[in-house]
Amino acid sequence: MTDSTTAIDVTGLRKSYGKREVLRGVTFKVYEGEIYGIVGPNGAGKTTTLRILSGIILTYSGKAEIYGLKPSEARAKGLISYMPEDSFPYERMTGLENLQFFARLYAKGDKKLEEEYVERGIRIAGLGEKIYDLASTYSRGMKRRLVIARALMVNPKIAILDEPTTALDVESSVKVRETIKEAAKNGTTVLLSSHYMLEVDYLCDRISLISSGKTVDEGTPSEIKAKYSAKNLEEAFLKAISNA
């Protein structure tokens, strides 16, 4: 992690749908090379925050920048790769065809680059000969590994992953975490959301705790546990929101 380079800068982020205020002042920074986690229960505002940073939600108040750019500008420049929580492969295509389709979109006519993306995607997915099977035959874990490979194979500056291991079994979750760690080692800054506190304790360099659309604390998992004299992040989170 390199503290001197800010990859993502969020300050006082707010978002409402009609009279319902979903984000009420989310603030955090992600440094280049980090795996950074936004942690909180369902409905805390994690997905809305990620959709703003991925350039999908365009109307909001507060500051949200990717390397000094608006998220929509960063997306247009190809700096961001985003995997929604409900992302699935095209089931009428094989795993390989899924990777080829998205590689073609990102490579923009550069055949050599397209081939590099596909080769990297095959390696990241780790599906062996199953890569040639229809995605409709895949288990949930295999589908998840394929869409994560799809997001990471293009070597994005920033990978935004919404609940990457949700509903996965233990074996699939471990493989996904290993994939995320490997991407960070190769230079991708990873921003992910999760409500699995034990997972982010293992996976993330730093985290933000958010509740009801507000940031309640930020730091390394060890710092947050120490601050609240907690045995684990679940306990720290409960103490943090009671103090907020």
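## Close-up views of the chain

**Figure 1. Threonine 6 stands opposite tyrosine 31 in strand E2.** The model is predicted, so that local features need pLDDT of at least 70 and side-chain atom pairs count only at pLDDT 80 or more, whereas totals for chains, interfaces and linings use all residues. Residues are numbered from 1 along each chain as its sequence is written, and side-chain values use heavy atoms, with hydrogens and water left out. Strands (E, at least two residues) and helices (H or I, at least four residues) are DSSP runs, numbered from the N terminus. Strand E1 (residues 6–17) pairs with strand E2 (residues 20–31) over nine bridges in the antiparallel sense; two strands pair if DSSP finds at least two bridges between them. Two residues lie between E1 and E2 in their hairpin, and glycine 18 in the turn has a positive phi of about 65 degrees.

**Figure 2. Strand E1 also pairs with strand E4 (residues 61–66).** This pairing is antiparallel and comprises five bridges. Isoleucine 8 has isoleucine 66 in E4 as its bridge partner.

**Figure 3. All six residues of strand E8 (residues 206–211) are buried.** Buried means under 20% relative accessible area, exposed means over 50%, and partly exposed lies in between (1.4 Å probe, protein chains only). In a regular strand, side chains alternate between the two faces of the sheet. In E8, Arg206, Ser208 and Ile210 point one way, while Ile207, Leu209 and Ser211 point the other way.

**Figure 4. Strand E8 pairs with strand E3 (residues 35–39) and is joined to strand E9 (residues 214–219).** E3 and E8 run parallel, with four bridges; here isoleucine 38 stands opposite serine 208. E8 and E9 run antiparallel, with five bridges, and isoleucine 210 has threonine 215 in E9 as its bridge partner. The hairpin of E8 and E9 has two residues between the strands, and serine 212 takes a positive phi near 50 degrees.

**Figure 5. Serine 194 is found in strand E7 (residues 189–194).** Serine 194 counts as buried because its relative accessibility is 1%. Leaving aside residues up to four places away in sequence, serine 194 touches Ile38, Val39, Gly40, Lys46, Glu163, Glu199 and Val200; contact means heavy atoms within 4.5 Å. Methionine 93 is 101 residues from serine 194 in sequence, and their C-alpha atoms are 29 Å apart in space.

**Figure 6. Leucine 58 lies in the loop between helix H1 (46–53) and strand E4.** Leucine 58 is exposed, because its relative accessible area is 58%. A C-alpha separation of 8.4 Å is found between leucine 58 and proline 71, which are 13 residues apart along the chain.

**Figure 7. The views belong to a chain with nine helices and nine strands.** The C-alpha trace spans about 50 × 40 × 35 Å along its principal axes. The radius of gyration is 18 Å, which agrees with the value near 18 Å for a compact globule of 244 residues; it is taken over C-alpha atoms, and the globule rule is 2.2 Å times the number of residues to the power 0.38. Buried residues make up 50% of the 244 residues. Of the contacts with a separation of 6 or more, 66% are between residues 24 or more positions apart.
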